[in-house]
Amino acid sequence: GTEYSIRAIPIGGYVMLAGEDDDKSMDKDIAEDQMLSNKSAWIKIKVLAAGSFMNIILTIFLMMIVGFFGGVTNPDSNVVSIQPESALATAGLETGDTITVVNGVEVANFEEISTNLSTESSTITYTDSVTNESADVTVMPSENGKYGVSPGTEKYNLIDAIVYGFTGTWALILSIFMTLKLLFTPEYGAS
(Lines give C-alpha, C1' and ligand atoms only; values in the text may rest on other atoms or scores of the structure.)
Protein backbone atom coordinates (compact mmCIF):
# COMPACT_ATOMS: atom_id res chain seq x y z
CA GLY A 1 0.00 0.00 0.00
CA THR A 2 0.98 3.56 0.61
CA GLU A 3 3.97 4.02 2.92
CA TYR A 4 4.05 7.08 5.20
CA SER A 5 6.94 8.24 7.37
CA ILE A 6 8.19 11.33 9.17
CA ARG A 7 11.78 12.27 8.41
CA ALA A 8 14.33 14.58 9.98
CA ILE A 9 16.09 15.03 6.63
CA PRO A 10 14.42 16.19 4.49
CA ILE A 11 12.38 18.01 7.08
CA GLY A 12 8.79 16.87 7.07
CA GLY A 13 7.02 13.83 5.82
CA TYR A 14 7.52 11.30 3.09
CA VAL A 15 4.94 9.28 1.19
CA MET A 16 5.64 6.43 -1.22
CA LEU A 17 2.57 5.44 -3.15
CA ALA A 18 1.88 1.88 -4.20
CA GLY A 19 3.44 1.27 -7.60
CA GLU A 20 5.76 4.24 -7.35
CA ASP A 21 8.91 2.11 -7.19
CA ASP A 22 10.08 -0.69 -9.47
CA ASP A 23 10.10 -3.29 -6.68
CA LYS A 24 6.77 -5.07 -7.25
CA SER A 25 7.35 -7.45 -4.33
CA MET A 26 6.51 -4.61 -1.89
CA ASP A 27 3.10 -4.15 -3.50
CA LYS A 28 1.99 -7.77 -3.93
CA ASP A 29 -1.17 -7.21 -1.82
CA ILE A 30 -2.30 -4.25 -3.93
CA ALA A 31 -4.55 -4.62 -6.94
CA GLU A 32 -2.85 -3.65 -10.21
CA ASP A 33 -5.43 -0.94 -10.97
CA GLN A 34 -4.65 0.77 -7.63
CA MET A 35 -0.93 1.24 -8.33
CA LEU A 36 0.38 4.66 -9.35
CA SER A 37 2.39 3.14 -12.19
CA ASN A 38 -0.87 1.94 -13.77
CA LYS A 39 -2.71 5.24 -13.51
CA SER A 40 -3.15 7.66 -16.40
CA ALA A 41 -0.67 10.51 -16.90
CA TRP A 42 -3.32 13.02 -15.75
CA ILE A 43 -3.82 11.18 -12.43
CA LYS A 44 -0.04 10.99 -11.90
CA ILE A 45 0.26 14.75 -12.52
CA LYS A 46 -2.55 15.47 -10.06
CA VAL A 47 -0.98 13.27 -7.37
CA LEU A 48 2.45 14.87 -7.74
CA ALA A 49 1.01 18.40 -7.93
CA ALA A 50 -0.97 17.80 -4.72
CA GLY A 51 2.28 17.31 -2.81
CA SER A 52 3.72 20.59 -4.08
CA PHE A 53 0.44 22.35 -3.41
CA MET A 54 0.46 21.16 0.21
CA ASN A 55 4.00 22.54 0.60
CA ILE A 56 2.71 25.93 -0.52
CA ILE A 57 -0.25 25.74 1.90
CA LEU A 58 2.15 24.84 4.74
CA THR A 59 4.39 27.79 3.84
CA ILE A 60 1.44 30.20 3.85
CA PHE A 61 0.41 28.91 7.27
CA LEU A 62 3.95 29.17 8.70
CA MET A 63 4.37 32.71 7.31
CA MET A 64 1.09 33.68 9.00
CA ILE A 65 2.39 32.33 12.32
CA VAL A 66 5.69 34.21 11.93
CA GLY A 67 3.90 37.46 11.07
CA PHE A 68 1.45 37.17 13.95
CA PHE A 69 3.63 35.83 16.76
CA GLY A 70 7.23 36.60 15.84
CA GLY A 71 7.19 39.70 13.71
CA VAL A 72 8.72 40.52 10.36
CA THR A 73 11.62 42.84 9.54
CA ASN A 74 10.20 45.93 7.87
CA PRO A 75 12.74 48.12 5.99
CA ASP A 76 9.90 50.34 4.73
CA SER A 77 9.38 51.69 8.26
CA ASN A 78 11.40 54.07 10.42
CA VAL A 79 10.86 51.87 13.47
CA VAL A 80 14.27 50.44 14.30
CA SER A 81 15.97 47.59 16.09
CA ILE A 82 18.95 48.64 18.23
CA GLN A 83 21.84 46.29 18.92
CA PRO A 84 22.78 45.98 22.60
CA GLU A 85 25.83 47.98 23.70
CA SER A 86 25.95 49.81 20.35
CA ALA A 87 26.46 53.55 19.88
CA LEU A 88 22.71 54.18 19.66
CA ALA A 89 21.97 51.93 22.65
CA THR A 90 24.49 53.90 24.70
CA ALA A 91 22.73 57.11 23.59
CA GLY A 92 19.43 55.77 24.98
CA LEU A 93 17.63 54.39 21.93
CA GLU A 94 15.89 51.03 22.27
CA THR A 95 14.43 48.50 19.88
CA GLY A 96 10.98 49.70 18.81
CA ASP A 97 11.85 53.40 18.87
CA THR A 98 11.00 55.48 15.80
CA ILE A 99 13.73 57.60 14.21
CA THR A 100 12.13 60.64 12.60
CA VAL A 101 15.04 62.96 11.73
CA VAL A 102 18.72 62.25 10.98
CA ASN A 103 21.07 65.23 10.63
CA GLY A 104 18.19 67.60 9.89
CA VAL A 105 16.60 65.36 7.24
CA GLU A 106 13.18 63.80 7.90
CA VAL A 107 13.30 60.03 7.37
CA ALA A 108 10.45 57.63 6.65
CA ASN A 109 12.21 54.29 6.16
CA PHE A 110 15.39 52.44 7.03
CA GLU A 111 17.17 53.25 3.76
CA GLU A 112 16.75 56.98 4.45
CA ILE A 113 17.99 56.47 8.01
CA SER A 114 21.15 54.64 6.93
CA THR A 115 21.81 57.03 4.03
CA ASN A 116 21.72 60.09 6.27
CA LEU A 117 23.84 58.72 9.12
CA SER A 118 27.29 60.34 9.06
CA THR A 119 30.62 58.62 9.52
CA GLU A 120 31.65 61.37 11.97
CA SER A 121 28.63 62.00 14.20
CA SER A 122 24.89 62.28 13.71
CA THR A 123 22.10 64.20 15.39
CA ILE A 124 19.04 62.01 15.64
CA THR A 125 15.48 62.83 16.63
CA TYR A 126 13.52 59.81 17.78
CA THR A 127 10.27 58.92 19.48
CA ASP A 128 10.58 56.60 22.47
CA SER A 129 8.39 53.52 22.01
CA VAL A 130 7.51 53.36 25.74
CA THR A 131 6.90 56.99 26.71
CA ASN A 132 5.93 58.23 23.22
CA GLU A 133 8.09 61.30 23.87
CA SER A 134 10.42 62.81 21.29
CA ALA A 135 14.11 63.34 22.04
CA ASP A 136 17.25 64.54 20.27
CA VAL A 137 20.66 62.88 20.66
CA THR A 138 24.03 63.41 19.04
CA VAL A 139 25.82 60.12 18.52
CA MET A 140 29.30 59.11 17.38
CA PRO A 141 29.56 55.78 15.54
CA SER A 142 31.53 53.00 17.22
CA GLU A 143 35.14 52.31 16.33
CA ASN A 144 34.08 50.17 13.36
CA GLY A 145 31.95 53.04 12.01
CA LYS A 146 28.65 51.41 12.96
CA TYR A 147 25.73 52.86 14.88
CA GLY A 148 24.14 49.50 15.73
CA VAL A 149 20.81 50.04 14.02
CA SER A 150 18.82 47.76 11.73
CA PRO A 151 15.25 47.68 10.43
CA GLY A 152 12.73 46.99 13.17
CA THR A 153 10.35 44.09 13.29
CA GLU A 154 6.63 44.46 13.06
CA LYS A 155 4.06 42.08 14.48
CA TYR A 156 0.92 41.87 12.41
CA ASN A 157 -2.68 41.67 13.55
CA LEU A 158 -4.59 38.58 12.42
CA ILE A 159 -5.82 40.01 9.11
CA ASP A 160 -2.41 41.46 8.20
CA ALA A 161 -0.74 38.17 9.21
CA ILE A 162 -3.03 36.30 6.82
CA VAL A 163 -2.18 38.75 4.04
CA TYR A 164 1.52 38.42 4.90
CA GLY A 165 1.19 34.63 4.72
CA PHE A 166 0.12 34.89 1.09
CA THR A 167 2.38 37.79 0.01
CA GLY A 168 5.41 36.38 1.83
CA THR A 169 4.91 32.97 0.24
CA TRP A 170 4.50 34.56 -3.19
CA ALA A 171 7.75 36.50 -2.66
CA LEU A 172 9.53 33.25 -1.74
CA ILE A 173 8.18 31.50 -4.83
CA LEU A 174 9.35 34.37 -7.04
CA SER A 175 12.80 34.37 -5.45
CA ILE A 176 13.12 30.62 -6.10
CA PHE A 177 12.30 31.09 -9.78
CA MET A 178 14.63 34.11 -10.06
CA THR A 179 17.44 32.03 -8.52
CA LEU A 180 16.75 29.18 -10.94
CA LYS A 181 16.81 31.68 -13.80
CA LEU A 182 20.21 32.96 -12.64
CA LEU A 183 21.59 29.41 -12.76
CA PHE A 184 21.08 29.49 -16.52
CA THR A 185 22.33 33.05 -17.05
CA PRO A 186 25.88 33.06 -18.46
CA GLU A 187 27.31 35.73 -16.14
CA TYR A 188 26.05 33.98 -12.98
CA GLY A 189 25.55 30.29 -13.63
CA ALA A 190 26.01 28.14 -16.69
CA SER A 191 28.54 29.26 -19.24
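Biologist: Which elements each supply at least two residues of the lining of the second largest pocket?

Modeller: First, a heads-up: this is a predicted model, where local features need pLDDT of at least 70, side-chain atom pairs count only at pLDDT 80 or more, and totals for chains, interfaces and linings use all residues. Residues are numbered from 1 along each chain as its sequence is written, and side-chain values use heavy atoms, leaving out hydrogens and water. A pocket is an open set of points on a 1 Å grid over the protein atoms alone, where a 1.4 Å probe fits, with protein on both sides within 12 Å along at least five of seven lines, and lining residues have an atom within 4 Å of a point. Here, the elements with at least two lining residues each are α1 (41-70) and α4 (158-183).

Biologist: Which element gives the largest share of that lining?

Modeller: The lining includes Ser52, Asn55 and Ile56, along with Leu172, Ile173 and Phe177. The top contributor brings 5 residues, and that's α4.

Biologist: How many charged residues does the lining have?

Modeller: Asp, Glu, Lys and Arg count as charged; Ala, Val, Leu, Ile, Met, Phe, Trp, Tyr, Cys and Pro are nonpolar, and the others, Gly among them, polar. The lining splits into 5 nonpolar and 4 polar residues, and the number of charged ones is none: no charged.

Biologist: Is Asn78 buried or exposed?

Modeller: Asn78 sits in the loop between β3 (72-73) and β4 (80-82). Buried means under 20% relative accessible area, exposed over 50%, and partly exposed is in between (1.4 Å probe, protein chains only). With a relative accessible area of 16%, Asn78 is therefore buried.

Biologist: Which residues have a backbone oxygen 3.0 Å or 3.3 Å from a polar atom of the Asn78 side chain?

Modeller: Contact means heavy atoms within 4.5 Å, and beyond its neighbours within four places in sequence, Asn78 touches several residues, including Asp97, Thr98 and Ile113. At 3.0 Å from a polar side-chain atom of Asn78 is the backbone oxygen of Ile99. At 3.3 Å, the backbone oxygen belongs to Val107.

Biologist: What is the relative accessibility of Glu85?

Modeller: Glu85 lies in the loop between β4 and α2 (87-90), and its phi is near 60°, a positive value in a residue other than glycine. Most residues other than glycine have a negative phi. Glu85 counts as exposed because its relative accessibility is 79%.

Biologist: And what is the phi of Asn132 near?

Modeller: Asn132 is in the loop between β7 (122-127) and β8 (134-139). Asn132 is exposed, with a relative accessible area of 62%. Its phi is positive too, near 65°.

Methods. Helices (H or I, at least four residues) and strands (E, at least two) are DSSP runs, numbered from the N terminus. A polar contact is a pair of N or O atoms within 3.5 Å; within protein, one must be able to donate a hydrogen and the other to accept it, and residues adjacent in sequence count only if both atoms are side-chain atoms.
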